Amino acid sequence: MRIVTLLFAVFFALALSGNELLDFAELDNLIELPQRARGSSARVDQVAGRNAMRFFFDPAQAQWNEVVLKVYRRPELPVFSKCRITLEVWLPQNHAIRDMGIRLADQTGEVLQYSHGISAQAHGWQEISWYIDAATRVEGSWGGGVVGSNGVIDGKAEIYGFTYSFKSGSPEGSILFGKVSVEVYEAPLVTTVSTGNGFPVVTKGREAEFGISLRNNNSSATKGTLKWEITASDGDSKLAGGKTDWEVAARSEKVIPLPAPSRYGLYDVCTEIDGGNKRRFRIAYMNPAGPVDGPIRGFVFGVCEHPEGASDIEADILARSAALCGARVMRGCGSWTGIEWLKGHPDYHAEDSMVERLGRYNMKLAPLLLFTPSWAIAKDWKPAKPKPEGKSSLAAMPDMKEWRNYVRGLAARLGDRLHSLEVWNEPDLNHDGDFSSKEYFQLLKAAFEEIKAVAPDLPVQSGGLANITLPSSLSCDPLFAQKLLKDEAANYDIFSVHIHLPYLAYEEKIEELLAIRTEMRNNKPWYANETAVSSSDIGEEKQANVLFEKMIFTMAKGAYGYNWYNLIEKDCYEVGNPERHFGLLMPDLAPKAAYLAYNTVAGYFREAVAVQEYSNRRDNFRFYCFKAANGDWLLPGWNLSMGDTALLLADVTGKATRVDLCGNEKSLIIDGGSLMVSLNETPSFVRISGQQKPPRFLGTPLSLPETLILRQGEAATLRAVLRNTTQNNMTLTVTAEAPEQLQVQPNRFTRTLAPGKFSPIAFSIKSQKNFGKGKIRFRINPGNGVMSVPVERAVLLEKGLKSKPDLLLHELSQVTFLVPSADSTVHLRWKGPEDLSGKFYLSASDKVLTIRCDVTDDRHRQRFSGSEIWQNDSLQIALTLPEQNTFWELGAALLDSGKAAGYCWRAPAGFRAEQAIEKIGVEVTRDEARKLTRYILKIPFNAIGLTRERLSTGIRFNALINDCDETAMRESYLRLAPGLGNGTADPKLSPLVYR
């Protein structure tokens with residue numbers, strides 16, 4: 001791991017307080033020898049009165065040797081343009097060494113090798129120096145991660161290791177390494193943000209430490225002018241700015257103070273040095289939720305991270321950044337391959353280091369037991385799925401004896417200093433657990449026995465499952481979760497699950513899990529120990545929304561805890577790859593909106609207890625009541641769509657504030673013990689302090705339709721109901737606020753209602769020709785509540801198909817992902833309209849309704865037939881006709897055989913599905929060159945009970961396109977309106993078509 005750090009002050013001091021970077025005499029067991037099997041070995045020895053590291057070599061087995069510093073011990077170099085790195089080397093007389101090289105790794109992961117010839121006459125202690133120009137290209141370089149190798153140093157660099165080659169035919173011999181030092185000759189001015197926290201987050205109480213840090217690594221002083229500006233992260237407003245003359249002494253640092261923002265949130269700091277060297281830094285300002293004093297109590301707030309490759313300094317910042325936002329547990333470390341890649345050479349540094357560092361902040365580590373070293377693979381292992389030649393065997397079934405030794409060793413070493421031990425990761429995925437469910441259960445049982453034998457109080461987690469159900473193409477056992485819950489509960493203390501899905505899909509899967517737990521009579525705690533959503537799919541702001549929603553829902557459902565995945569974005573993936581963008585922090589540690597949201601939830605809801613859920617699954621909003629540890633009442637809520645919902649609370653006798661995702665509080669007006677709360681798609685919560693009993697929930701004072709669809713040139717009536725749900729007489733005023741293209745008459749109603757009474761009201765709505773879609777907001781007073789109704793224009797059908805599509809499926813907001821988010825499935829996620837999109841052309845004659853859908857699909861697959869065509873590439877249609885008791889659900893597909901197929905899953909009373917589909921003409925063709933599948937359904941009116949009068953009134957139309965590129969089941973779908981696709985289609989939310 002290499003965090004692109006901000007050059008922490010402690011490291012800067014280390015590099016400049018003296019030139020020494022490391023001493024090989026102190027690196028026993030901190031180096032790796034890739035040529036160990038070919039005669040290479042090392043030990044600390046003494047020569048000429050001083051300690052050093054002696055390296056043995058055998059030219060008969062290898063012409064060169066390499067010394068690699070363990071990743072956590074690689075010294076980071078000060079930022080430089082030109083420098084000299086010197087290694088002290090002891091050479092015997094008549095030595096065989098001909099060349100020595102130093103290897104540097106830059107922040108992209110590229111390794112660059114610089115060589116230095118060695119004189120055959122040199123002997124004794126020598127200083128070997130490499131003069132390095134960061135901008136000069138070298139021939140020997142490799143790696144570079146997603147960026148690739150370019151032969152020059154990009155950003156910061158660290159010492160990766162050393163090499164030495166010898167004269168052919170030489171006898172066995174040895175040399176010694178001493179100290180390594182650096183001298184910077186020329187360096188750019190390093191401009192960073194200083195916060196006192198080691199990463200760009202300014203915290204309440206440390207505002208005075210906020211500033212711009214200027215670091216001068218050169219041997220002479222430098223000066224200039226700094227121009228700076230602080231703006232909101234959305235770029236809308238400049239908050240502060242200024243210009244400052246500065247001078248920084250040689251090899252020194254100067255911090256120019258900046259004013260902290262007045263509100264918590266995300267900000268950009270822009271700097272300019274002497275008219276150039278422009279930089280932009282993302283910062284956050286927040287009231288930190290941690291570090292938290294005392295033991296972990298109540299609901300567990302955790303984060304996932306991969307600290308195995310972190311240097312000691314990076315490990316410090318990982319622990320601190322997690323602690324500041326209120327995390328109590330870090331899930332990571334523990335892998336067998338990381339501890340004992342070579343049999344008999346265990347290295348617990350990562351685990352020891354993180355346990356110690358997290359302990360400073362009263363946090364605990366939750367390691368995973370997983371990944372099988374090649375030497376420990378079971379001799380009779382048979383992969384669950386055939387593997388390509390050379391495929392990694394990390395997911396292989398281990399030898400049971402070796403597995404028990406590994407588990408017992410880690411549990412005995414760290415025991416109760418850990419939070420828990422988790423047995424494998426996503427064992428239900430073939431990619432992560434390449435063995436049967438039965439074999440995994442054997443691993444789980446053996447691990448449980450070994451852990452309890454040496455640390456009986458240490459909780460054991462079952463391996464976090466990717467999902468509740470998976471297709472056989474992704475899992476060795478589609479019933480993995482059910483078996484784990486029913487038959488294996490004795491072999492774990494906590495049931496763990498992931499489910500990297502957006503909120504509604506996550507909610508659905510957790511409800512499914514809870515139902516299965518009840519059915520299986522499993523009362524073990526359940527832990528959402530790795531779940532999130534990538535900001536590449538929905539953007540950073542909505543990622544923060546989903547974090548809040550999933551955490552609150554998980555708490556409300558009685559979970560043991562929640563770990564967000566991941567603390568830091570994984571820059572080993574390209575920008576745009578969903579696997580990269582799960583983190584709360586950027587690779588350079590710049591905060592994302594989700595980091596602030598996590599901090600807010602952890603700060604306010606730590607040790608809070610769920611009291612009541614005010615909403616139900618049929619509502620278009622979610623609203624809960626929690627009791628905080630300090631006695632406050634916390635009422636989080638959000639809308640499930642773009643609309644607004646006003647809710648009324650009674651018996652409010654204390655003080656009420658509204659808290660946003662950044663932690664900013666705004667006082668709310670309480671009128672006679674009543675409080676109006678407005679919800680929208682951005683979650684927030686109400687904090688009520690100073691009263692013993694919770695407020696009473698009275699529901700919404702205004703009932704509105706879920707959507708309104710307007711015909712071109714015609715006025716529509718929006719019918720609503722005002723309600724007084726209080727115990728007193730109440731005068732309510734409703735004022736409509738509409739876009740310019742909509743006319744609302746009247747725009748205001750006032751009604752005085754007795755307790756429990758209601759009053760119907762109606763608005764006349766008419767649109768201009770240029771109106772497409774929007775929403776009408778209704779402001780309710782007293783209380784300034786807000787509700788809204790989405791408004792769309794109906795589709796006018798003509799006798800022939802139009803040249804332009806009537807409806808489109810082509811946006812990310814229309815996509816529902818069904819496969820778990822993992823390395824092995826990232827290629828299956830929707831990548832844009834060229835991956836999957838659809839254009840709908842609708843027409844109607846006097847007797848036939850025609851639906852044509854042109855689907856762009858990069859790969860067409862349909863291995864099913866009949867009622868199962870929805871599982872692969874296909875089209876699903878829902879039609880709701882007036883006076884029918886339910887909607888029609890029709891489908892069409894092009895089978896792999898080349899035959900077009902249709903199916904009817906649902907028909908209203910009085911109709912038979914099989915007879916209806918026989919009357920409907922279904923044509924499906926595929927143009928492989930254009931990657932286009934064309935679906936045409938010609939539906940006779942009499943097949944579905946459609947008449948000219950009913951079509952004139954209007955029918956509801958919904959559709960979705962299923963996508964299956966590789967697995968046995970659909971991996972995602974695009975949908976026009978909510979409901980269709982999960983068996984709960986609601987025709988009220990579908991577009992209206994009429995003639």
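Mean pLDDT, the predictor's confidence in each residue from 0 to 100, is 91 for the chain, and 95% of the residues reach 70 or more. Over residues 4-18 the pLDDT is below 50. That stretch still has 37 contacts in the model beyond near neighbours in sequence, a contact being heavy atoms within 4.5 Å.

This is a predicted model, so local features need pLDDT of at least 70 and side-chain atom pairs 80 or more, while totals for chains, interfaces and linings use all residues. Residues are numbered from 1 along each chain as its sequence is written, and side-chain values use heavy atoms, without hydrogens and water.

Now the sheet. Three strands form an open, parallel sheet in the order β24-β25-β26. Helices (H or I, at least four residues) and strands (E, at least two) are DSSP runs, numbered from the N terminus, and two strands pair if DSSP finds at least two bridges between them. At the edges, β24 (368-369) and β26 (460-464) each pair on one side only. Strand β25, residues 421-425, is joined to β26 by four bridges; Val-423 has Ser-462 as its bridge partner in β26. Helix α6 (437-454) packs on this sheet and touches β24, β25 and β26.

Last, Met-586. Where is Met-586 found? It lies in the loop between β29 (561-564) and α11 (593-605). Leaving aside residues up to four places away in sequence, Met-586 touches Glu-540, Ile-568, Glu-569 and Lys-592. Its C-alpha atom is separated by 5.3 Å from that of Glu-569, 17 residues apart along the chain.

Methods
Axes are lines fitted to C-alpha atoms, for helices over the stretch in contact, and angles run from 0 to 180 degrees between N-to-C directions.
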